[in-house]
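Here is a short briefing on the structure below. It covers local backbone features, helix packing and the nonpolar cores.

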Amino acid sequence: MSWVLVTGGTARGGEAVVRALHDAGVNVVVHHSPRSGDRATSLCAELGNQRAGSVRAWEAELSEAVIVPAWLTELAPEFCVCNASVYQPSELGDRERQSADLAVHLHAHAAILNALKPGLRSVVAVTDVHVDRPVAGYLWYTVAKAALQSLIITLAMEWAPRVRCNVVAPGALPLPDAWSDVERGEAIKRSIPLGKLGSFEDLASAVKWMLLDASYVTGQVLAIDGGRSRWLRG
């Protein structure tokens with residue numbers, strides 16, 4: 001049975017991706033941070049009850065130097081979803097955010113992919129439509145996501161034809177619980193040609209297709225944004 005590693009697999013879009021891939025019959029390694037241990041335990045127990053031996057957890061803090069454990073490299077996952085992310089405001093001189101954003105989005109995923117390369121057949125990274133249309137106030141998040149996107153597109157050429165590497169770039173999905181700018185939220189909804197926010201299930205379906213089914217697709221960026229990035233103004 002094939003295995004997939006999903007980084008940041010315990011909340012929001014990451015959990016939806018884990019569930020979609022598990023439902024598709026793939027065994028899942030759920031990466032989580034130390035802060036998400038309880039959620040990882042609950043999710044793995046739930047999925048494990050559905051199919052015994054089909055899920056494992058890996059705890060690692062991606063903002064620090066990542067060491068991929070021996071058991072994970074020996075498992076030799078065929079698939080990897082580079083999903084783990086942090087979303088914090090920053091400006092050019094913010095050295096702390098620069099270090100953290102690049103560590104989580106770029107350096108950690110590069111280390112993971114390098115360690116798992118021998119077994120990989122397909123990789124999908126989750127980035128952001130704002131890589132191409134940046135918004136003010138999140139400089140290092142945007143730069144780091146752009147770097148991850150560039151890494152995956154480059155690996156699509158470097159690792160072809162054995163490994164397919166693609167990107168899914170979500171747009172406006174369910175707003176965070178802490179979102180307080182109601183007017184801005186309504187403006188975002190009005191700017192989406194399909195007339196609604198996307199769901200985490202929309203994201204998960206796209207990741208699943210790119211990862212498992214799109215056998216003649218590599219080096220591509222698929223926007224999951226209801227058409228908004230075609231005319232995004234803010």
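R12 is partly exposed, with a relative accessible area of 41%. This residue belongs to helix α1. Its phi is positive, about 50 degrees, although R12 is not a glycine. The model is a predicted one.

**Backbone features**

- Most residues other than glycine have a negative phi, and most peptide bonds are trans.
- A76 also has a positive phi, about 55 degrees, and is not a glycine.
- The loop between α3 (70-75) and β4 holds A76.
- A76 has a relative accessibility of 35% and so counts as partly exposed, since that class lies between the buried limit of 20% and the exposed limit of 50%.
- A160 and P161 are joined by a cis peptide bond, with omega at about 5 degrees.
- P161 sits in the loop between α5 and β6 (164-170).

**Helices α1 and α2**

- Helix α1 spans residues 12-23 and helix α2 spans residues 37-50. Their axes come within 11 Å and cross at roughly 15 degrees.
- That angle makes α1 roughly parallel to α2, because angles under 35 degrees count as roughly parallel.
- The crossing of α1 past α2 is right-handed.
- On the α1 side, the contact uses E15, V18, R19, H22 and D23. On the α2 side, R39, L43, E46, L47 and Q50 take part.
- The residues of this contact divide into five charged, three nonpolar and two polar.

**Helices α4 and α5**

- Helix α4 covers residues 95-116 and helix α5 covers residues 139-158. Their axes come within 8 Å and cross at roughly 15 degrees.
- The result is that α4 runs roughly parallel to α5.
- α4 passes α5 in a right-handed crossing.
- From α4, the contact draws on R97, Q98, D101, L102, H105, L106, H109, A110 and L113. From α5, it draws on W140, Y141, A144, K145, A147, L148, L151, I152 and L155.
- By class, the α4 contact with α5 has 12 nonpolar residues, three polar and three charged.

**S99 in α4**

- S99 is found in helix α4.
- S99 has a relative accessible area of 49% and is partly exposed.

**Nonpolar cores**

- The largest nonpolar core has 30 residues. V4, V6, L21, V81, V168 and V207 touch the most other members.
- V6 touches G14, V17, V18, L21, V28, V29, V30, H31 and V81, leaving aside residues up to four places away in sequence.
- A second, separate core has 28 residues, including A84, V123, A125 and I152.

**Residues that link topics**

- V18 is one of the α1 residues that meet α2, and V18 is also touched by V6.
- I152 is one of the α5 residues that meet α4, and I152 is also a member of the second core.

Technical notes:
Residues are numbered from 1 along each chain as its sequence is written. This is a predicted model: local features need pLDDT of at least 70, side-chain atom pairs count only at pLDDT 80 or more; totals for chains, interfaces and linings use all residues. Side-chain values use heavy atoms; hydrogens and water are left out. Axes are lines fitted to C-alpha atoms, for helices over the stretch in contact, and angles run from 0 to 180 degrees between N-to-C directions. Helices (H or I, at least four residues) and strands (E, at least two) are DSSP runs, numbered from the N terminus. Angles under 35 degrees count as roughly parallel, over 145 as roughly antiparallel, 65 to 115 as roughly perpendicular and the rest as oblique. A crossing is left-handed if the near helix is turned anticlockwise from the far one by less than a right angle, and right-handed if clockwise. Contact means heavy atoms within 4.5 Å. Ala, Val, Leu, Ile, Met, Phe, Trp, Tyr, Cys and Pro count as nonpolar, Asp, Glu, Lys and Arg as charged, and the others, Gly among them, as polar. A nonpolar core is a set of buried Ala, Val, Leu, Ile, Met, Phe, Trp, Tyr and Cys residues joined through side-chain atoms within 4.5 Å. Buried means under 20% relative accessible area, exposed over 50%, partly exposed in between (1.4 Å probe, protein chains only).
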